[in-house]
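Please keep the sequence and the structure in view while reading.

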Amino acid sequence: MTSLEVRRGGIGLLRDLSFKLSPGQTALVTGANGSGKSSLLRVIAGLAVPAAGRIDWRGSAVHRLPPEDRGEIAYLGHLDGLKQEFTVDENLEFCRSFWKGREPVEPLVAEMRLESYRHRNIRRLSAGQRRRVALVCMRLKPARLWLLDEPLTNLDTRGTEVVIEWLKGHAAEGGIAVVSTHRPKRLETAASIEVAL
Amino acid sequence: MNAVPMRSRLWRAFHQLGSPPYVYRLAGRLAPWLGVASCVLLAVGAFWGLVLAPPDYLQGNSFRIIYIHVPSAYLSMGGYVLMAVAAGIGYIWRMKLAHGVAVCVAPLGAWFTALALVTGGIWGKPTWGTYWEWGDARLMFELLLLFLYIGYMVLRMSFDEREKADRVSALLAVVGVVNVPIIHYSVEWWTTLHQGPTLIREGGPSITMDMLIPLLIMLAGFSLFFGWLLCKRLQGEILRRERRTRWVQNLAVEAAA
Amino acid sequence: MLDVVRQILLRDLRLAFRRWSEMATPLIFFVIIASLFPLAASPDEAQLRSTGAAVIWMSALLSSLLALDGLFRADSEDGSMEQLILGPAPLGLVVFAKIVAHWAVSGVPLLVLAPLAALSFYLPLTALPELIAALALATPTLSVLAAIGAALTVSLRAGGTIIGLLILPLTGPVLIFGTRATELAALGEPVAGPLYLLASVAVLAVSLGPPITAAAVRTALE
């Protein structure tokens with residue numbers, strides 16, 4: 001069974017927060033700026049260690065996860081994680097081979113309307129286009145748990161719709177997602193749980 | 001005694017050493033003893049070494065600086081190892097108090113390193129011809145150690161968050177301790193390669209009892225002095241780190257009353 | 001495992017060549033220091049020959065210091081480092097590959113440039129193989145030290161200025177053995193001793209460096 005249990009206490013931003021997610025659930029983390037949404041996601045991803053409490057992914061602590069199992073978690077922070085000097089295709093190719101992804105690139109690129117930019121350097125893309133590339137990159141990881149920190153930043157309505165569809169599809173396949181946003185309205189339809197900080 | 005209570009007692013001791021109020025009180029209780037003992041030992045050792053011990057037949061009275069030079073050189077290295085071990089314990093077991101110890105040791109170690117350098121230079125002057133080679137390489141070794149201490153302190157200062165400063169600087173301290181034996185042996189290899197091992201010899205005759213005993217007393221006195229300073233500094237560091245906790249606030253209320 | 005090393009290595013090398021001016025700066029810096037030295041001292045042949053080894057090694061040290069700031073900074077600023085930390089490979093391995101890439105673009109060109117500088121300092125032609133061997137053994141250690149310094153300061157804005165303070169005290173052994181090997185080679189004496197010592201320092205650095213660097217990167221970005 002796939003389950004995620006979060007308990008975080010002690011000092012810091014969040015105190016005695018606890019929740020558990022089962023396959024097919026999408027959690028929306030909401031709260032004002034500075035309420036600790038990003039910190040929570042970084043802790044779940046295993047980038048930071050909680051001051052107290054623990055996060056379990058399939059029964060073992062997330063920051064002690066062996067590297068082979070880390071492929072099951074895909075994290076997209078507020079930074080896109082793309083190389084400016086590379087083209088869209090080069091970035092996506094690295095993502096795919098590094099994470100040993102099996103998802104085909106073409107449909108995702110088409111969905112995000114990036115076909116005509118594939119050979120353009122990231123440096124020459126707009127902020128919204130970069131976010132789209134980063135989201136495609138995230139999809140290329142063969143992950144069961146998605147951790148998306150403000151995925152809609154800089155996205156237009158069309159991009160937002162694609163993200164909502166992806167989240168619904170992911171949940172339908174039994175995947176889990178934790179999505180942070182300060183504007184819950186736009187993602188409401190895809191969420192099954194709301195965690196208000 | 002069977003093994004089980006022994007182990008649980010050790011475990012309890014380890015746990016208590018992680019508890020700031022316990023260590024604060026322990027340091028407070030140890031400090032006066034260390035202070036008095038170190039003053040007595042330093043006075044006895046200094047009188048014995050500087051007045052009673054016979055002059056060296058090669059170097060005359062100038063050798064007497066070893067009673068300061070050798071203990072401070074020993075503490076400069078011992079202090080670094082202590083700092084690195086404390087920082088390593090703090091990093092691995094996420095023990096904040098161990099980082100506190102490392103923080104307190106760093107400036108003390110740096111001062112003793114500087115003292116060793118200065119006294120070494122003063123001593124090197126009258127004995128220049130004989131062991132310039134040896135003195136030069138060892139001086140460089142001490143100087144690099146001083147830079148390592150300074151690097152550790154500067155790196156700490158450049159972080160705003162104490163916790164991150166603790167953890168990142170701990171890694172530097174640990175990397176630096178790997179360097180201590182490397183530099184130490186490189187000095188020997190370097191000299192060996194350069195001139196052959198005959199140059200590394202004792203400056204004068206092998207040390208006599210009259211000279212050795214005061215040196216041992218001074219070593220003990222310096223060590224206890226180091227421990228005394230460490231206790232006092234550690235108390236301050238604990239108060240600074242724990243200033244928001246109830247026990248420190250109670251302490252302040254008691255002190256005010 | 002090896003696949004990850006290859007991927008990161010190719011990625012970093014390709015990035016380095018796309019930013020070739022950044023890659024070339026430390027090398028030009030090396031040439032400039034080495035050629036300014038005779039201006040600062042005196043162009044006297046005997047003097048240049050006696051100080052040549054020291055100048056070449058100090059220039060190599062300083063130029064490798066110049067090359068290291070970008071090692072993790074670019075990746076941490078655009079968020080790639082977070083992805084690599086969370087990647088399906090041990091971070092120590094990723095860091096190892098990045099160090100190899102750094103060495104390939106900063107250390108290897110020195111193996112070509114340093115002999116040229118050595119010739120201009122009247123070092124005998126016969127001493128060049130030994131000089132190249134010594135540099136080949138010393139530059140990996142310098143790259144590892146550079147990586148540790150870069151990782152410790154990656155989250156600091158003014159990291160570049162502190163790195164020198166942290167790293168230069170650790171370069172003592174490399175400097176001692178490297179200069180010694182070059183001086184012995186110039187005198188036509190056997191250099192095996194210092195070369196073995198350089199090799200053992202390199203083995204120590206390459207085996208212990210990557211895990212420590214990985215821990216530092218992880219801690220700094222925590």
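**Contacts between the chains**

Where chain B meets chain C, 21 residues of chain B are in contact with 22 residues of chain C; two residues are in contact if their C-beta atoms, placed from the backbone, lie within 7 Å. On the side of chain B that touches chain C, α5 (132-157) and α6 (162-195) of chain B each supply at least two residues. Helices here are DSSP runs of H or I with at least four residues, strands are runs of E with at least two, and both are numbered from the N terminus. The most residues on this side of chain B, 13, come from α6(B). By class, the side of chain B that touches chain C has 16 nonpolar, four polar and one charged residue. In this division Ala, Val, Leu, Ile, Met, Phe, Trp, Tyr, Cys and Pro count as nonpolar, Asp, Glu, Lys and Arg as charged, and the others, Gly among them, as polar.

The model is predicted: local features need pLDDT of at least 70, side-chain atom pairs count only at pLDDT 80 or more, and totals for chains, interfaces and linings use all residues. Residues are numbered from 1 along each chain as its sequence is written, while chains are lettered from A and ligands numbered from 1 in the order in which they are written.

Two pairs of chains touch, and the pair with the most contacts is that of chains A and C. This contact takes 18 residues from chain C and 24 residues from chain A. On the side of chain C that touches chain A, the elements giving two or more residues are α1 (2-18) and α5 (80-85) of chain C. The residues on that side of chain C comprise seven nonpolar, five polar and six charged. Chain A and chain B, by contrast, are joined by no contact, and their closest C-alpha atoms lie 10 Å apart.

**Chain B**

Chain B contains eight helices and zero strands. Of its 257 residues, 33% are buried, a residue being buried if 20 or more other C-beta atoms lie within 10 Å of its own, exposed if 12 or fewer, and partly exposed in between, with C-beta atoms placed from the backbone. Among contacts in chain B between residues at least 6 apart in sequence, 80% join residues at least 24 apart.

The mean pLDDT of chain B is 80, with 81% of its residues at 70 or more; pLDDT is the predictor's confidence in each residue, from 0 to 100. Over residues 130-135 of chain B the pLDDT is below 50, and the model gives this stretch 10 contacts beyond near neighbours in sequence. Residues 192-206 of chain B also have pLDDT under 50, with 21 contacts beyond four places in sequence. Where pLDDT is low, the predicted coordinates should not be read in detail.

**Chain A**

Chain A has six helices and nine strands. Its radius of gyration is 16 Å, close to the 16 Å that the globule rule gives for 197 residues, so chain A is as compact as a globular protein of that length. The radius is taken over C-alpha atoms, and the rule is 2.2 Å times the number of residues to the power 0.38. Along its principal axes the C-alpha trace of chain A spans about 50 × 35 × 30 Å, and 44% of the 197 residues count as buried.

Within chain A, helix α1 (residues 37-45) is mostly covered, with eight of its nine residues buried. Among them are Leu40(A), Leu41(A), Val43(A) and Ile44(A). Gly46(A), which follows α1(A), has a positive phi near 95 degrees. The C-alpha atoms of Ile44(A) and Ile55(A), 11 residues apart along the chain, are separated by 6.5 Å. Ile55(A) belongs to strand β4 (residues 55-57) of chain A, and Ile55(A) is buried because 21 other C-beta atoms lie within 10 Å.

In a regular strand the side chains alternate between the two faces of the sheet. In strand β6 (residues 73-76) of chain A, Ile73(A) and Tyr75(A) point one way and Ala74(A) and Leu76(A) the other way, all of them buried. β6(A) runs parallel to strand β7 (residues 145-149) of chain A, and four bridges join the two; strands pair if DSSP finds at least two bridges between them. Opposite Ile73(A) stands Leu145(A) in β7(A).

**The nonpolar core**

Of the 183 residues in the largest nonpolar core, Leu147(A), Ala102(B) and Leu198(C) touch the most other members. Such a core is a set of buried Ala, Val, Leu, Ile, Met, Phe, Trp, Tyr and Cys residues joined through C-beta atoms within 7 Å. Helix α8 (residues 128-152) of chain C gives the most to this core, with 14 residues. Leaving aside neighbours within four places in sequence, Leu198(C) is in contact with residues including Ala134(C), Leu137(C), Val174(C) and Phe177(C).
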